[in-house]
Each structure stands twice: as C-alpha cells, then as structure tokens.
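Hello,

Here is the structure for you to look over. My notes on what turned up follow below.

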Amino acid sequence: MAKSSTSDDSKLYQFLQERNDPGVFPEGKESLDYWNEVADRYDNNYNGGISFKHITIGAREFDKHLMMKDVPKNAKIADIGSGTGLIGQKLKEEYHYSNMTAFDISPAMLEKAKEKSCYNDFVISDLHTDELVEYHQQFDHAISIACFVLGIIKPQALETVARLVKSGGLVTLSFREKNYDNELTGYRQKVEKMEKAGVWKQISIVLDEYMCLDPDNAVRGYYVTLQVC
Ligand SMILES: C[S@@+](CC[C@H](N)C(=O)[O-])C[C@H]1O[C@@H](n2cnc3c(N)ncnc32)[C@H](O)[C@@H]1O
C-alpha cells in the first residue's frame, strides 16, 4: 500500500516509511480510484474487530460521551468518511443509534454501506471542497474514524466536520499515533488551532489500540472527542 507522493509531504512519507507505518495512501484522483477499488474487500480486514480495533474503540468512545450527555438514540449523527459502514453498523447494532447519515467520497464504499441497512441517508462528498454547505449545522453529533490519516483526508477538512455539527454537539475523531504526534502532518496543530479559535473544545483524548493487520507492527491511535462551541 505504501506509495510516495511528489508533494511537500515527501519528508513525512520518508519518516513514516522508515518506521514501517502503514499510514501512507495514494492522493488526489488516485485516492478515489483506490477507495472504489478496495470497497469489495475492505470489510475482510475488519475480522470481527480483531484487526480493525479503531471500529470498536471509536464507536465505544463516541457512545460513552453521548451517554454522559443523555443523548437520545434518535439524535442526528453524521458518520464522516463512513466507508463501508462498519462504524454505522456498530453504532446501530451495539449502541442502538437510529438516525445516521453516511458521508464519503467513494460511491463504491457507500454502496457497501447501503447493504448494512444502518444509515438513513448517503451523501457522496469530497471533504476537501466546500460542497457540503447545505449540511452546515444540520447534525447533532458526528464521528469520523480512520479518515484523518496522512494521504486520506487533510487537516483542513476538520473545519468541514465542525461546520456540519450544531453548537453543543460532540465530534469523535481517530488519528494514528504516529500521524498525531508528528507535527509534519498538521492534525494535532489543526485540532488545537480550532480550539484556540473557539470552534470546539476538547473534552477527551484517549491513546489505545488502533489497527493490527500485522501483529509485529500494531498501530496505536488517539481517540479525540470535542464539543462544538
Ligand atoms: C480508512 S477508510 C475509513 C472508513 C470507515 N470510517 C471505517 O473506519 O471503516 C477512509 C474513508 O475515507 C474516504 N475518503 C477518502 N478521501 C475522502 C475525501 N476527500 N472526502 C470524503 N471521504 C474521503 C474513503 O473513501 C474511505 O471510505
């Protein structure tokens, strides 16, 4: 999967590759082609949660904070970068949320998500553009798991995520440890800059397991929950 970019990210890619970090994905149009192409086999990696820990832990963290606020199960939730719907499925089957919208750039991923019958609506959208204006402040809460990864969705799109959520709403995001703890990626800086700007307030950060496709090279991740101001 590792593939170098010709962009300014080359130093970072080198940094990650030297550490065998699997978080290097193709960019631009190649990225859309990549996600359309993997849609049919993506769920094979989930493996009941053994390898894709971020599904189990991301959904658990999100639910934990919603429960603390007594959020009703029919609250309107955006699953941003939903992919094949593993998070939606978990939130519906295990935690009984019933009013979820899936956003993703890849029509093929959303087709797989439809098969899980856990979302009420599906929006094909590129988070790197301003095309989601009609959805601004339309959601009570949002979750985005395994999307803010180097080469998948850039830090600037965190602004888009925050705009979709009503004031007071919660947002749970995951980040690979080596992406978040590396200032070259800009993820942590963007989250903190938005907090300083009064966009949101961090209410929780948890470092836990993330992905274990290769037992000798397990990846840890941060689960960050923010409250939109
Ligand atoms: C690693 S998958 C995560 C999917 C799901 N959240 C999960 O945890 O299984 C990343 C997803 O981000 C989507 N994606 C990539 N670039 C995007 C963009 N610019 N805008 C919206 N979605 C994007 C991909 O199509 C893919 O479904």
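**Helix packing**

Helices here are DSSP runs of H or I, at least four residues, and strands are runs of E, at least two, numbered from the N terminus. On the helix 3 side, Ile55, Gly58 and Ala59 make the contact; on the helix 4 side, Leu86, Ile87, Lys90 and Leu91 do. Contact means C-beta atoms, placed from the backbone, within 7 Å. By class, that is five nonpolar residues, one polar and one charged. Ala, Val, Leu, Ile, Met, Phe, Trp, Tyr, Cys and Pro count as nonpolar, Asp, Glu, Lys and Arg as charged, and the others, Gly among them, as polar.

The axes of helix 3 (residues 53-68) and helix 4 (residues 86-93) come within 9 Å and cross at roughly 50 degrees. Axes are lines fitted to C-alpha atoms over the stretch in contact, with angles from 0 to 180 degrees between N-to-C directions. The two helices are therefore oblique to each other (under 35 degrees is roughly parallel, over 145 roughly antiparallel, 65 to 115 roughly perpendicular, the rest oblique).

**Provenance**

This is a predicted model: local features need pLDDT of at least 70, side-chain atom pairs count only at pLDDT 80 or more, and totals for chains, interfaces and linings use all residues. Residues are numbered from 1 along each chain as its sequence is written.

The protein chain has eight helices and seven strands. Of its 229 residues, 41% count as buried (20 or more other C-beta atoms within 10 Å; 12 or fewer is exposed, in between partly exposed).

**Loops**

Tyr119 sits in the loop between helix 5 (107-115) and strand 3 (121-124). Is Tyr119 buried or exposed? Tyr119 is buried, with 23 other C-beta atoms within 10 Å. Leaving out residues up to four places away in sequence, Tyr119 touches Gly85, Gly88, Met100, Thr101, Ala102 and Ala113.

Asp70 is in the loop between helix 3 and strand 1 (77-80). Asp70 is not a glycine, yet has a positive phi of about 55 degrees. Asp70 is exposed, with 6 other C-beta atoms within 10 Å.

Best wishes

How values were computed:
Contact = placed C-beta atoms within 7 Å.
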